[in-house]
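Work through the exercises below with the sequence and the 3D view side by side. Try each task before you read its solution.

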Amino acid sequence: MIPADYRKLSDEELVFRYAHKYEHAALIYLFERYGHIVAGVCNNYTGSINEAKEATQKIFLQIAEDLVTYKIEKFKPWLFQKCRNYCLLNYKGSLPVDNNGALSEDFEEDWQYKIEEAHMAEILQPMVGSLDAAQRTCIELFYLQNLTYNAIAERTGYDVSTVKNSIVSGIRNLKKQLMASGKVKL
Amino acid sequence: MSSEQLMHIFDNSSCLTKRQLQAYADNEMISEEAHAAEVHLNTCPFCRMSIEGLQLGGEYAIESVSELNSRFLKDHFSINHPQIHLNSIAAAVPHQPAHHISKHKKRKKTALLTPWTISVAFLLIIGAWYMEFGRVKTQPKIDAPAHQNIPSAIEENESAKVEETGRPETAKDYAVVAANNVKPAKPVKKPTQTIVTTADYVQEQPLTATDNRSGLDNQPVTINTANKSSSEEKKKISKAMAPITQKSSDGIAEKRNATIISTSKPTMKSDDKAARHDAALTAAESYIDAGKDDKAIPLLKQIIEEGGPGKHAAKRLMRQITRDDEVNID
């Protein structure tokens, strides 16, 4: 079915193979990689998994044409945006979904390469201490004691969603502080 | 807080697989697995939103995710971009000779329409045509037509007469017009064809020539006499024409002259001076044509002595006859 070497390729490499070498298997593998995630996102808007699966198929058929037409630099953020736009366009009547502040800046995947590893602890430790109490507590429990959301919720008494949002918000604030300090290699 | 643990705060791991997503959404993961998944979820809003959506749909939604497959994409590609599996076809197709041989054969079929073959065919056609029709040019031509035997003096005289009057009046005039209109003779396969001219047999009769076309010497001419009552003379003409039409062109001139002389003799004895002179002049011309100048001279002298409209023509003929002898007619 799918060649084994496709599993080693990045999203962008697969996109290139599909768009420029007309390797259909590359797009099929991208569907294997992201199809279920797209279906879950669509289920937020449709409220029905069957409609979500149908929407997933239509989105990927549209992608099959767009990848050849447009130059896609970052596939995952582009796919996420495509999925949301499709659902907003076709399922406006659905209830609005709280995406927990999911922004495109959350896809900054190369943050760990922008910080020198030797100075990572020295830079991040004072910044984590400057976060508010809920964010600091949740981040410390999550990354220091390797607790899950549920475990943190049990220990702190916060709601699971609050724990999740606190961690995500704390990471976002850390990025902002790093950007402001100028210690990030841009 | 150790730096190693904080290294994972900006996680860049790949998204959750279908199994991981289902397991996490269904709370089937152990704490270590769940924590690893949550490390990714902290930095991946895509997976985070997907898990929220699946958890919103309940167990049915989580189980249904596994039914997703890429068959629709394969169908889509097979419709829009059909791929031929040559290896599977190869077994069904019977073995054929080498590929280059079949190509060569194909080219050979179309070689019939090349410019080379067309030009060769054209040359062959031209050669065949030349072999068939080119030989005609080598065949000998027939002798000069009879009208060329008419003395040039007569032609000049008669043509001058026609020019003066504007239209031909006598049969002789028609003969002159016909002779002037005659084009060079074409090669004829049957040179023994009968040649008859109107001037040979008819004199002093107003005629209307219905056939004044070229090649008159080679074609029998239909003569319509204007005076319908002169049936006797018509019979004479037809009588005179009958034997001549059966003979060759070599004896035509002699016969014609003899006929003209014989038909002119009765008229030469008539009381009408003009008719007598015309008949004498015609007979003299015939004698000259036949080479009997000694018989023509008395006739011409008589015309000159009597005087009249034929006097000048007679003088001209006398001058022509006696040019060598330097005879002074006057």
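**Exercise 1. Which residues in α2(A) meet which residues in α4(B)?**

Some ground rules come before the solution. This is a predicted model, in which local features need pLDDT of at least 70, side-chain atom pairs count only at pLDDT 80 or more, and totals for chains, interfaces and linings use all residues. Residues are numbered from 1 along each chain as its sequence is written, chains are lettered from A and ligands numbered from 1 in the order in which they are written, and side-chain values use heavy atoms, with hydrogens and water left out.

*Solution.* 
- Step 1: find the helices. Helices are DSSP runs of H or I with at least four residues, strands are runs of E with at least two, and both are numbered from the N terminus.
- Step 2: list the contacts (heavy atoms within 4.5 Å). From α2(A) come Y34(A), H36(A), I37(A), V38(A), G40(A), V41(A), N43(A), N44(A) and Y45(A). They meet F46(B), C47(B), M49(B), S50(B), E52(B), G53(B), L54(B), L56(B), G57(B) and A61(B) in α4(B).
- Step 3: sort the residues of this contact by class. Ala, Val, Leu, Ile, Met, Phe, Trp, Tyr, Cys and Pro count as nonpolar, Asp, Glu, Lys and Arg as charged, and the others, Gly among them, as polar. The contact of α2(A) with α4(B) has 11 nonpolar, seven polar and one charged.

**Exercise 2. State how α7(A) and α9(A) are oriented to each other.**

*Solution.* 
- Step 1: take the axes, which are lines fitted to C-alpha atoms, for helices over the stretch in contact; angles run from 0 to 180 degrees between N-to-C directions. The axes of α7 (residues 133-144) and α9 (residues 160-181) of chain A come within 8 Å and cross at roughly 95°.
- Step 2: apply the cut-offs. Angles under 35 degrees count as roughly parallel, over 145 as roughly antiparallel, 65 to 115 as roughly perpendicular and the rest as oblique. So α7(A) and α9(A) are roughly perpendicular to each other.
- Step 3: check the classes. Their contact has nine nonpolar, five polar and no charged residues.

**Exercise 3. Describe the aromatic pair of F31(A) and F72(B).**

*Solution.* 
- Step 1: recall the rule. Rings of Phe, Tyr and Trp (its six-membered ring) pair if their centres lie within 6.5 Å; planes under 30 degrees apart count as stacked, over 60 as edge-to-face and the rest as tilted. The whole structure holds 10 aromatic pairs over all chains.
- Step 2: classify. F31(A) and F72(B) lie 5.1 Å centre to centre, with 75° between the planes, and are edge-to-face.
- Step 3: F31(A) lies in α2 of chain A and F72(B) in α5 (residues 71-80) of chain B, so the pair joins two chains.
- Step 4: Buried means under 20% relative accessible area, exposed over 50%, and partly exposed in between (1.4 Å probe, protein chains only). F31(A) is buried at 3%, and F72(B) is buried at 12%.

**Exercise 4. Where are N146(A) and N27(B) found?**

*Solution.* 
- Step 1: N146(A) is found in the loop between α7 and α8 (149-156) of chain A. It is partly exposed, at 45% relative accessibility.
- Step 2: N27(B) is found in the loop between α2 (18-25) and α3 (31-43) of chain B. N27(B) is exposed, at 59%.
- Step 3: look at phi. Phi of N146(A) is near 55°, a positive value. Phi of N27(B) is near 55° and positive too. Most residues other than glycine have a negative phi.
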